[in-house]
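Student: I'm new to this one and I'd like to go through it piece by piece. Could you show it to me first?

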Amino acid sequence: MIALEGRARRLGDDVNTDYIISSTRKRDTIDAHVLKQWLLESLDPAFAASVCGGDVIVAGRNFGCGSAMEVAATVILAAGIRAVIATSYSRTFFRNAINNGLIPVQCDTDGFDEGDRLSVRFDGAEISVVNHSKRVPRAAAPIAGIALAILEAGGLVPYLRQHRRLAEERR
């Protein structure tokens with residue numbers, strides 16, 4: 001079981017990977033632990049400095065669109081954010097998130113505001129989100145099979161260290 005609690009950090013629709021970490025910052029390094037100081041700087045220059053461990057990014061539609069650079073997912077993790085809750089994702093970002101152990105939760109985020117207290121719980125493939133500030137529960141799209149196994153292991157590399165190969169089908 002995976003269970004997280006944290007503060008909502010609200011973003012809008014179409015947050016592309018260059019908003020997450022500017023391509024100009026990636027010229028010198030792709031080390032996420034260096035880049036985290038510039039997380040989302042083009043949307044809010046003070047964002048990175050205001051992140052607390054356990055924060056949860058909450059966004060609208062098409063989160064992670066744009067470039068397929070996986071550093072967009074790893075810089076979010078490096079900042080101490082373990083999950084993103086969005087209405088929808090770019091397919092590439094969604095998979096990069098799973099492979100790196102960033103939890104991409106897909107559900108309706110209408111009515112979630114900056115600073116709301118949230119919890120995310122995985123019970124097998126089933127995911128639930130609760131906005132405790134507004135007392136609003138939301139069902140999320142399930143994550144199952146190999147994607148769930150990779151997340152439970154903490155990402156693709158830890159999964160492969162444990163299993164030595166990708167499982168064909170986990171039941």
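Predicted model: local features only at pLDDT ≥ 70, side-chain atom pairs only at ≥ 80, totals over all residues.

Student: Is K26 buried or exposed, and what about D18?

Tutor: Buried means under 20% relative accessible area, and partly exposed lies between that and 50%. K26 has 14% relative accessibility, so K26 counts as buried. D18 is at 31%, so the word for D18 is partly exposed.

Student: How many salt bridges does a search of the whole structure find?

Tutor: K26 with D18 is a salt bridge, and R25 with E41 is another, with the closest N and O atoms 2.7 Å apart. R25 sits in the loop between α1 and α2 and E41 in the loop between α2 and α3, so this pair ties together parts 16 residues apart in sequence. Searching the whole structure gives a total of nine.

Student: Which parts does the salt bridge of E114 and R9 tie together?

Tutor: The closest N and O atoms of E114 and R9 are 2.6 Å apart. E114 is in the loop between β4 and β5, while R9 is in strand β1, so the pair ties together parts that are 105 residues apart in sequence: that loop and β1.

Student: Is R9 buried or exposed, and which residues are linked with R9 in a network of salt bridges?

Tutor: R9 has 5% relative accessibility, so R9 counts as buried. The network of salt bridges links R9 with R7, D55 and E114.

Student: In which sense does β1 pair with β5, and in which sense with β2?

Tutor: Between β1 and β5 there are six bridges, in the antiparallel sense, and A3 stands opposite R121 in β5. R9 has I57 as its bridge partner in β2. The pairing of β1 with β2 has three bridges, and its sense is parallel.

Student: What is the bridge partner of V130 in β7?

Tutor: Strands β6 and β7 pair over five bridges in the antiparallel sense. V130 has its partner in β7, and that partner is P137.

Student: Now the rings. Why is the pair of F63 and Y89 called edge-to-face?

Tutor: A pair of aromatic rings is described by the distance of the centres and the angle of the planes. Planes over 60 degrees apart count as edge-to-face. For F63 and Y89 the centres are 6.2 Å apart and the planes are at 80°, so the pair is edge-to-face.

Student: Which residues do ring pairs link into a cluster?

Tutor: The whole structure has four aromatic pairs. F63 is buried at 0% relative accessible area, and Y89 is buried at 11%. The cluster is made of F63, Y89, F93 and F94.

Student: Which residues of helix α5 are buried?

Tutor: What covers the buried residues of α5 includes α1, α4, β4, α6 and α7. After the helix comes G101, whose phi is positive, near 85°. The buried residues of α5 are F93, F94, N96, A97 and I98.

Student: Which residues touch the most other members of the largest nonpolar core?

Tutor: In soluble globular proteins, nonpolar side chains tend to be buried together. The largest nonpolar core here has 55 residues. Those that touch the most other members are I20, L39, F63, I76, I85, F93 and F122.

Terms used:
Residues numbered from 1 in each chain as written. Heavy atoms only, no water. Buried < 20%, exposed > 50% of the residue type's maximum accessible area, 1.4 Å probe, protein only. Helix = DSSP H or I, 4+ residues; strand = E, 2+ residues; numbered from the N terminus. Contact = heavy atoms within 4.5 Å. Salt bridge = Lys/Arg side-chain N within 4 Å of Asp/Glu carboxyl O. Pairing = 2+ DSSP bridges. Phe/Tyr/Trp six-rings, centres within 6.5 Å; stacked < 30°, edge-to-face > 60°. Core = buried A, V, L, I, M, F, W, Y, C linked by side-chain atoms within 4.5 Å.
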